[in-house]
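Dear colleague,

I am handing over the structure below, together with some notes on its charged pairs and backbone. Please read them alongside the coordinates.

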Amino acid sequence: MLSAGDLQAQIQAQNLQTAVENTQATPDHQTAQDQKIQQLQDKLEEIQKELMELKQSSSVAPETHHTTTPKASVTSSDFSEAEPEITDPSNPHSEPFAFADFTWLTGNARTKDTPYATKFFTPEIRSDANYTYDFRHPQDDTIGGSSEIFRSNEVQLTQFGVGGDFHYDNVRARFMTQFGLYSETTPRNDASPARGQWNLADAYRYLSEAYGGYHFNVQHGINVDAGIFMSYVGLFSYYQFDNWAYQPSYVSSNTPWFFNGVRVQWFPTAKLKIEPWFINGWQSYGRFNNRPGLGGQILYRPNGNWSIVGNQYGYGEDALGIPSRTRYHTDDSLQYKYYERHDSFVSKAAASLTGDAGCESGGGVSCFGNGKTGPKQSFLGFMAYNRLWFDRDRYALTLGGGRINNPGRYLVLLPPINGATAASGTPYFTENPGDQYKAWDASVTADYMPSQYFTYRLEYNHRAANVPYFSGPGGVTPPGGNTGAPGSLVPGWSPDLRNSENRITGAFLVKF
């Protein structure tokens, strides 16, 4: 169409030029035709001007190549302007953490672009389906003690998510759905909806993320968001596609996956993020008692090989019905890429180390040991992983595991015995002050990644505890199904709990 318009304008201009020349070539008519000649010359100049503008409009800038920043470790600043991304960290207008490729990190999506993004909206689609073989063969197919795997010997959809990021004129918003088992299991681990009216678990169960906010063009960016956003505690992402392993170790699986509140993301440099939180509580849709939770993150990436992050939490009263008990927690991680050579059989290698410590104080428990104020209620744990990539990052192998010690069991995931929830509890597995819980795990994960948007994953997990905790052959469901109130005692029946479990998981993971 542009070429046709160009040709038509040239022909019209040539015809007018000929007409002018023919008119000027007849001296007898010059006086009578002066006005007409002037009009034709003006028209010719107008057409030539339009032709020049048409040619200039045809040489527009090429389409901007949209990229996405992983969500688990850092949320990208506003991309409402269709300008090339500035990656030089010394430039005061550069995007934070854009100076290097950080898709190798666990907790970050490895996708490098979103080809269907627009200036206004960057869509996102996720699918996570798995089949888990439990060597104990529980008769009710129920797996407990995990926030990622819930059924055995069945193909199950853990999550199907549709959403994305809106961004225009410095205004930002994001949402992501969670259809599948996550919509049932994630709210079940939150006791806060038991306080007050309006069922928060039903209101939020199909949303993993939903927030809106504003981006301020200060230094390398400041984002202020409110709603439900992902937690970074425990290093791993809520979405298995983003992680080196399908089943994280306890310090990740037992700590928050989301927060409901307000956050501020401040990027004073392109290598540093400071992010305070004002939230309802510890992975909770509402408050447990009369105080909210406070926390924050400091993330520093000095170069493309290191990522150093610290997450802190405190002030919140997160024990349902015990307003005088306060929780404190620190979660700190290092990730290091120690090898990269794309022309070699081993194309990349990286390692991660995470340490967590915390406690509860007041309400009959103590941070510092058994005494007059009550028994010790604390959390101490670590996890470590090493990952190797092969054949230009098409294959990967991850080895890892960790340990926790959690007297009081306040961060132990409650087994779903007879329909038990975090709010109901169960007499079959108590979470009272002084109750001991020590656990450890190890895993081997193999990935085949034929596309940046797809992963085949096969993983073996061994998990163990010092008390019976994992589902045995008899399962955790009474004969005939759940009986009475959730988690209640069923006369003549008890769950089959064991001290260890071994399982293999195969998963299909998709992210666009």
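Is E501 buried or exposed? With a relative accessible area of 2%, E501 is buried, where buried means under 20% relative accessible area, exposed means over 50%, and partly exposed lies in between (1.4 Å probe, protein chains only).

Before going further, please note that this is a predicted model, in which local features need pLDDT of at least 70 and side-chain atom pairs count only at pLDDT 80 or more, while totals for chains, interfaces and linings use all residues. Residues are numbered from 1 along each chain as its sequence is written, and side-chain values use heavy atoms, with hydrogens and water left out.

Salt bridges

A salt bridge is taken here as a side-chain nitrogen of Lys or Arg within 4 Å of a carboxyl oxygen of Asp or Glu, and by this rule the model contains 24 salt bridges. One of them pairs E501 with R463, whose closest N and O atoms are 3.6 Å apart. R463 lies in strand β15 (residues 454-465) and E501 in strand β18 (residues 500-511), so this pair ties together parts that are 38 residues apart in sequence; strands are DSSP runs (E, at least two residues), numbered from the N terminus. R463 is also buried, at a relative accessible area of 1%.

Salt bridges with shared partners join E124, R126, D165, R174, E209 and D242 into one network. Within it, E209 forms a salt bridge with R174, and the closest N and O atoms are 2.9 Å apart. This pair links distant parts of the chain, with E209 in strand β4 (residues 207-216) and R174 in strand β3 (residues 171-177), 35 residues apart. Both partners are buried, E209 with a relative accessible area of 3% and R174 with 2%.

A further salt bridge joins E154 to R151, with 2.8 Å between the closest N and O atoms. Here E154 is buried at 18% relative accessible area, whereas R151 is partly exposed at 29%.

Backbone

Most residues other than glycine have a negative phi. H137, although not a glycine, has a positive phi of about 50 degrees; H137 lies in the loop between β1 (121-134) and β2 (155-168) and is partly exposed, at 41% relative accessibility. D391, also not a glycine, likewise has a positive phi of about 50 degrees. D391 is found in the loop between β12 (378-390) and β13 (395-405), and its relative accessibility of 34% makes it partly exposed.

With kind regards

Terms used: Helix = DSSP H or I, 4+ residues; strand = E, 2+ residues; numbered from the N terminus.
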